[in-house]
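Me: I'm new to this one. Can you walk me through it, piece by piece?

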Amino acid sequence: MSMRRDEALVELSGVTKVYGEGTGMVTGLADVSLRVGAGEFLGIMGPTGGGKTTLINLIGGLDRPTRGTVRVADHQLERAPEDVIRLLRRRHIGVVFQAFNLLPSLSALENVALPLLADGLARRAAEPRARAALEQVHLVERAAARPAELSGGEQQRVALARALIADPMLLLADEPTGCLDTRTGAEMVDLLLRAHRLRGVTIILVTHDERIATACTRTVTVADGAIVADRRRPVGSTAGG
Ligand SMILES: Nc1ncnc2c1ncn2[C@@H]1O[C@H](COP(=O)(O)OP(=O)(O)O)[C@@H](O)[C@H]1O
Ligand SMILES: [Mg+2]
């Protein structure tokens, strides 16, 4: 995936997302523009219903804008064919959701290996990489466990390992600590910070937690479908970084 040097990794221009039709129409985002550079750790904050998930879904190609353009690297997502978006997500965009979204019938190892298997890699090539990814989230000893046998914090670490397995350039996380207690939530944030520091992966993270926001290099506040604040932190002030 190539990119011109002067370009942001992610660029939304005049993006509006309207859900439903007729009297049931709801505006998720209204005329939002946003540029995110490679290497940023961006926190999306704001009240429930403000449009944070809508924003993440549009950037991840999980949904398409009603109006406006969404570019990730050199792909215009608003007009990319479905199979191109699928490939982009498999190879270059990792996603972690609040509710983990693991496949219950597969082991932790198989869940992590899934993006590689879906991309056509043989099991014997994918599994060592999945094992290494589980090692990075300190879970390799639970490789054979099914999601139901894991705690919430462990399931979310499996989801993070799966999101990072293909070494994506962009990691999207929608309230990844929302279902976790304070301690396991803090562990998750440490792992995200490590991925940001060691892999240089660009992270866009939705969070309600002020302490998590202080770890970000920039925070954007979304309310009523619009960006109402955009703050950058000076380099070097990143917590734990
Ligand atoms: N699939 C959907 N269908 C209809 N309305 C939706 C849908 N998803 C989100 N919305 C609406 O869009 C607005 C923004 O929602 P969302 O992006 O989920 O906000 P947040 O993640 O900040 O809580 C809300 O009014 C919400 O009810
Ligand atoms: Mg949300």
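Me: Let's start with E3 and E9. How many bridges join them, and do they run parallel or antiparallel?

Reply: Four bridges join E3 to E9, and the two strands run parallel. The names come from DSSP runs, numbered from the N terminus: helices (H or I, at least four residues) and strands (E, at least two). Two strands pair if DSSP finds at least two bridges between them.

Me: Before we go on, what kind of model is this?

Reply: It is a predicted model, where local features need pLDDT of at least 70, side-chain atom pairs count only at pLDDT 80 or more, and totals for chains, interfaces and linings use all residues. Residues are numbered from 1 along each chain as its sequence is written, while chains are lettered from A and ligands numbered from 1 in the order in which they are written.

Me: Is E3 mostly covered or open?

Reply: Mostly covered. Strand E3 spans residues 41–45, and five of its five residues are buried. Buried means that 20 or more other C-beta atoms lie within 10 Å of the residue's own; exposed means 12 or fewer, partly exposed is in between, and C-beta atoms are placed from the backbone.

Me: Which residues sit on which face of E3?

Reply: Phe 41, Gly 43 and Met 45 are on one side, with Leu 42 and Ile 44 on the other. Both faces are covered.

Me: New topic. What order do the strands take in the open sheet?

Reply: E2-E1-E4-E5, four strands with antiparallel pairing. E2 and strand E5 (75–76) stand at the edges with a single partner strand each, so one side of each has no neighbour in the sheet.

Me: How many bridges do E1 and E2 have?

Reply: Seven, in the antiparallel sense; E1 covers residues 10–19. Lys 17 stands opposite Leu 29 in E2. The hairpin of E1 and E2 has six residues between the strands, and in it Gly 20 takes a positive phi near 75°.

Me: Where is Val 15, and is it buried or exposed?

Reply: Val 15 is in strand E1. It is buried, with 25 other C-beta atoms within 10 Å.

Me: What does Val 15 touch?

Reply: Leaving out residues up to four places away in sequence, Val 15 touches Leu 29, Val 32, Leu 58, Pro 65, Gly 68 and Val 70. A contact means that the two C-beta atoms, placed from the backbone, lie within 7 Å. Thr 69 is 54 residues from Val 15 along the chain, and their C-alpha atoms are separated by 6.1 Å.

Me: Now the ligand. Which residues are around ligand 1?

Reply: Tyr 19, Gly 20, Val 26, Gly 28, Gly 46, Thr 48, Gly 49, Gly 50, Gly 51, Lys 52, Thr 53 and Thr 54. A residue counts as near if its C-beta atom, placed from the backbone, lies within 6 Å.

Me: Which elements supply them?

Reply: Strand E2 (26–36) and helix H1 (52–59) each supply at least two residues of that shell. The largest share, three residues, comes from H1.

Me: What about helix H4? How many residues does it have?

Reply: H4 has 14 residues, 123–136, and reaches 20 Å from its first C-alpha to its last. That is close to the 20 Å expected at 1.5 Å a residue; the expected span is 1.5 Å times one less than the number of residues.

Me: Which residues of H4 are buried?

Reply: Ala 126, Ala 130, Ala 133 and Leu 134. Seen down the axis of H4, they fall within an arc of 100°, so they line one face of the helix. The arc is that of the directions from the helix axis to the C-beta atoms. They pack against helix H3 (108–118) and helix H5 (152–164).

Me: And the face turned away from the buried side of H4?

Reply: That face carries the exposed residues Arg 124, Ala 125 and Pro 128.

Me: Last one. Where is Phe 100?

Reply: In the loop between strand E6 (93–96) and H3. Phe 100 counts as buried, with 20 C-beta neighbours inside 10 Å.
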